[in-house]
Amino acid sequence: QVQLVESGGGLVQAGGSLRLSCAASGLTISRNVMAWFRQAPGLEREFVAAISWSGGMINYADSAKGRFTMSRNNAKNTVFLQMNSLKFEDTAVYYCAAGRSGVAFSSPFVEFQEKYIAWGQGTQVTVSS
């Protein structure tokens, strides 16, 4: 059974940083595009970042560019999202997602939720202004 478990969320002041982690089990992610999405209260879930199998290609939402960095460690079956210069509007539940195994990174399709077959339960990020 595939399981994605996010961690690292919490409460931080505006301008601060957090590093989210997503550990996968029941799945070897080395041939899975991985992504982060987020959902703020009252809003739809939106794309944040996606990374190719090797980490050589990464797409970011405009809101994340220059502040967030996605990375992966295939040996540890884990992906990360380093978030710097956090803003109040970054407050949301952040979800990790895994694409179908063997499907390569393809922009802009990696930004579409329908391309992902496994999701974590989410981790809350709250940024105080």
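**Strand E11 and beyond**

Guide: Strand E11 (residues 123-128) has a covered face made of Thr123, Val125 and Val127, while Gln124, Thr126 and Ser128 form the uncovered one. A strand here is a DSSP run of at least two residues, numbered from the N terminus. This is a predicted model, where local features need pLDDT of at least 70, side-chain atom pairs count only at pLDDT 80 or more, and totals for chains, interfaces and linings use all residues. Residues are numbered from 1 along each chain as its sequence is written, and side-chain values use heavy atoms, leaving out hydrogens and water.

Visitor: Which residue stands opposite Thr126 in E11?
Guide: Strand E2 (residues 10-13) pairs with E11 in the parallel sense over four bridges; pairing takes at least two bridges found by DSSP. Opposite Thr126 in E11 stands Leu11.

Visitor: And which residue stands opposite Thr123 in E11?
Guide: Strand E9 (residues 92-99) runs antiparallel to E11, joined by three bridges. Facing Thr123 there is Tyr94.

Visitor: Is Asn32 buried or exposed?
Guide: Asn32 sits in the loop between strand E3 (18-25) and strand E4 (34-39). Not counting residues up to four places away in sequence, Asn32 touches Leu27, Trp53, Arg72, Gly99, Arg100 and Ser101, a contact being heavy atoms within 4.5 Å. Buried means under 20% relative accessible area, exposed over 50%, and partly exposed in between (1.4 Å probe, protein chains only). Asn32 has a relative accessible area of 1%, so Asn32 is buried.
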